[in-house]
Amino acid sequence: MNNWIILPVLLPAMTAAFLVLAVRYNLASQRILSTGACIVLLAAAIGLFMLASDGVVRPLYVGAWPAPFGIVLVLDQLSALMLLLTAALAFIVLCFALYGWDQRGPYFHPLFQFQLLGINGAFLTGDVFNLFVFFEVMLIASYGLMLHGGGRWRLKAGFHYVAINLIASTVFLFAIGLIYGVTGTLNMADLAVKVPQVAPGSEALLRTGAVLLFSVFAVKAALVPLHWWLPGAYGAASAPAAALFAIMTKVGAYSIIRFDTLVFGPQAGPLAGVIDPLLLPAALITLAVGAAGVLASTRLLDLVCFSVVASMGTLLIAVDRLDAPGLGAALYYLVHSTAISAALFLLVDVVASERGPAADTLRPAEQVSRPMLYSGFFLLAGIAMVGMPPLSGFVGKLLILDATRNSAHVAATWSTILGASLIMLVGYARAGSTVFWAAASDKLRVEAVPTLTIPGPVLIIAILLATTALLSLFAGPVMAFADATARQLLEPAGYVSAVLEGSPATPGGSP
Amino acid sequence: MELLVASAIGLLTAVGAYLVLRRRTFPVVIGLLFLSYAVNLFLFVMGRLAIDKPAIYSPDVAGYADPLPQALTLTAIVISFGMTALIVVLSLRGFLETGANDVTIGPDDMQRTFGSQQKRSGHE
């Protein structure tokens, strides 16, 4: 039964290979296969989500090699949640791309599937080096997706993006080297056992390795001061690629949550809380810088990119608490932030494509074809992103404020979150009024399209916006699951014993 | 020997870090190469330095070299090779499209397309 765990990795891998080798020149077949694979992946993710919701940690020993030696994939509630989020987002973004975005360059669908392979693998693996490999798979596909559509800007921004990620990968390998050199293992469950027993003489080396490891995750999660790549890369990427990348920053957040609870959690002896002095200040500054960026943006895409940076700051403020309410709030906010970031990237692309040479710059220009619809959507998306009631951003921020109520740093945390929300509110109000109202008030006004029909891409944005409304409406059940996940994360002993004690007896298994 | 290996890794990293901070794409690519050399060497010695020891365990040898870092290094070499090939192609394409190998993004470069149709909309 546990063998199903590998399906989210295997399915995109096979689909991508088949798309490249067999139907390379046939866009129609590519679309059918890619969409079909995404539907199956979504069904598999729902199945695994229901399987994991009983709170049991399920390991899969690849090749039946016993745990500390072979590669192990682990399905727990956090992995299942992330898989479901990825599959749902991928399906929605793919539907959007089918409206013509996928024919702007070759190989969109294979790259899309390879990207899913890397992301799903990173969420499932229980081995640090394997995590590195899945990061690389994810990144190399994202390089291709980022360049999709071509053009000078994408090439130049792509060079920055690739270079910074290659440096991050190098640092990742240095961290892995240090951790393996000290503990002699790379299995995450085994690390949770070995790290507390570190010899006093090797503690400094292990500490260096741990901080290097977290700095790599901070690059992925766009934490200040390692966030500068994000506005450049996401601002240059095409709409479906940027929307899918909304989950990539969450891979960094996932890795921070995983390692901060499992390996370097409170039970880690001398290494307990190794990033505690860094995480909260970095998260607070990230939120402040993101909010300032939102206010300073001169283009809609910059506005969205800095909102993503700000949302990562908010998320990691909640992670810093490492208790059930904090982690639960962080997970709720993670789901919300993924949906709303994707919706904003797609919406900005649709709006900018109708504004002629002004594109997404914040200045009065041609009226868009459906001003009421687009401005209404922008208003809703802005409300959700800033965290105004009644959409899910408000619920998420409220949960985070509540979780940090008893923190020693409550003054700094609350004032940053509330102040940043106000600044972002001003930024969004200014952007929306310039783009939508300023156009209506002068000679640039054109007659709106009188029909009531809604184009397909806009309908897909509406689905994403509806998701945030539903998240707000069903906040109770979602939080119940997030709390259960947080409690499972805070008891790493269950994870460790499930992985290490469930091992097959003989190395390699019996033939 | 520890001093020799450690200073070699340190030198490679220093050269890589210096070159990565240059303004042209070519030194940046070379710098990334140096960084990957440094980390491959680092990974290789993380199983401790051992001379004339077999990597595969058998009952009649006294000690053996840790084989896992060797496998990790191979994987890291393959990945960094692929990534380097990609960034070389990327910088070549950038050079051919813009006529310069400057890393910075100027206002002229900030042109991109929006929407699903092949129509160009840029910023002035």
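The largest cavity is lined by 15 residues, and those nearest its centre are Leu166(A), Ser169(A), Thr170(A), Ser36(B) and Ser80(B). This is a predicted model, in which local features need pLDDT of at least 70, side-chain atom pairs count only at pLDDT 80 or more, and totals for chains, interfaces and linings use all residues. Side-chain values use heavy atoms, without hydrogens and water; residues are numbered from 1 along each chain as its sequence is written, and chains are lettered from A in the order in which they are written.

About 140 Å³ of space lies in the largest cavity. A cavity is a set of points on a 1 Å grid over the protein atoms alone where a 1.4 Å probe fits but cannot get out, and lining residues have an atom within 4 Å of a point. Grid points are joined across faces, edges and corners, and a volume is the space filled by probe spheres set on the points. H5 and H6 of chain A, with H2 and helix H3 (68-98) of chain B, each give two or more residues to the lining of the largest cavity. Helices are DSSP runs (H or I, at least four residues), numbered from the N terminus. H3(B) supplies the largest share of this lining, five residues.

The whole structure holds five cavities of 30 Å³ or more. In the second largest cavity, the residues nearest the centre are Lys156(A), Thr25(B), Ser91(B), Gly94(B) and Asp102(B). H6 of chain A and H3 of chain B each supply at least two residues of its lining. Here too, the largest share comes from H3(B), with five residues.

The largest pocket is an open space. A pocket is an open set of grid points with protein on both sides within 12 Å along at least five of seven lines. Nearest the centre of the largest pocket lie His160(A), Tyr161(A), Trp228(A), Trp229(A) and Ile105(B). The elements that give two or more residues to its lining are H6 and H9 of chain A, and helix H1 (2-20) and helix H2 (25-45) of chain B. H6(A) gives the most, eight residues.

The table sets out volumes and linings. Ala, Val, Leu, Ile, Met, Phe, Trp, Tyr, Cys and Pro count as nonpolar, Asp, Glu, Lys and Arg as charged, and the others, Gly among them, as polar.

| Space | Volume | Lining | Classes in the lining |
|---|---|---|---|
| Largest pocket | about 760 Å³ | 35 residues | 22 nonpolar, eight polar, five charged |
| Largest cavity | about 140 Å³ | 15 residues | nine nonpolar, five polar, one charged |
| Second largest cavity | about 90 Å³ | 13 residues | six nonpolar, five polar, two charged |

## The interface of chains A and B

In chain A, 51 residues are in contact (heavy atoms within 4.5 Å) with 50 residues of chain B. The area buried between the two chains is about 4,500 Å². Buried area is the accessible area (1.4 Å probe) that two parts lose on being put together, summed over both. Carbon and sulfur atoms give 70% of it.

Five residue pairs, both at pLDDT 80 or more, are in polar contact between chain A and chain B. A polar contact is a pair of N or O atoms within 3.5 Å; within protein, one must be able to donate a hydrogen and the other to accept it, and residues adjacent in sequence count only if both atoms are side-chain atoms. Helix H5 (128-147), helix H6 (152-183), helix H9 (229-236) and helix H14 (324-353) of chain A each give two or more residues to the side that touches chain B. H6(A) gives the most, with 21 residues. By class, that side of chain A has 30 nonpolar, 12 polar and nine charged residues.

## Salt bridges

A salt bridge is a side-chain nitrogen of Lys or Arg within 4 Å of a carboxyl oxygen of Asp or Glu. Over all chains, the structure holds 11 salt bridges. One of them joins the side chains of Arg31(A) and Asp102(A) at 2.8 Å, N to O. Arg31(A) lies in helix H2 (residues 27-52) of chain A and Asp102(A) in the loop between H3 and H4 of chain A, so the pair ties together parts that are 71 residues apart in sequence.

## Backbone features

Most residues other than glycine have a negative phi, and most peptide bonds are trans. The peptide bond from Val224(A) to Pro225(A) is cis, with omega near 5°. Pro225(A) lies in the loop between helix H8 (203-220) and H9 of chain A. Pro389(A) and Pro390(A) are also joined by a cis peptide bond, with omega about 10°. Pro390(A) sits in the loop between helix H15 (371-386) and helix H16 (392-403) of chain A. Tyr107(A) has a positive phi, near 65°. Tyr107(A) is in the loop between helix H3 (77-97) and helix H4 (108-124) of chain A.
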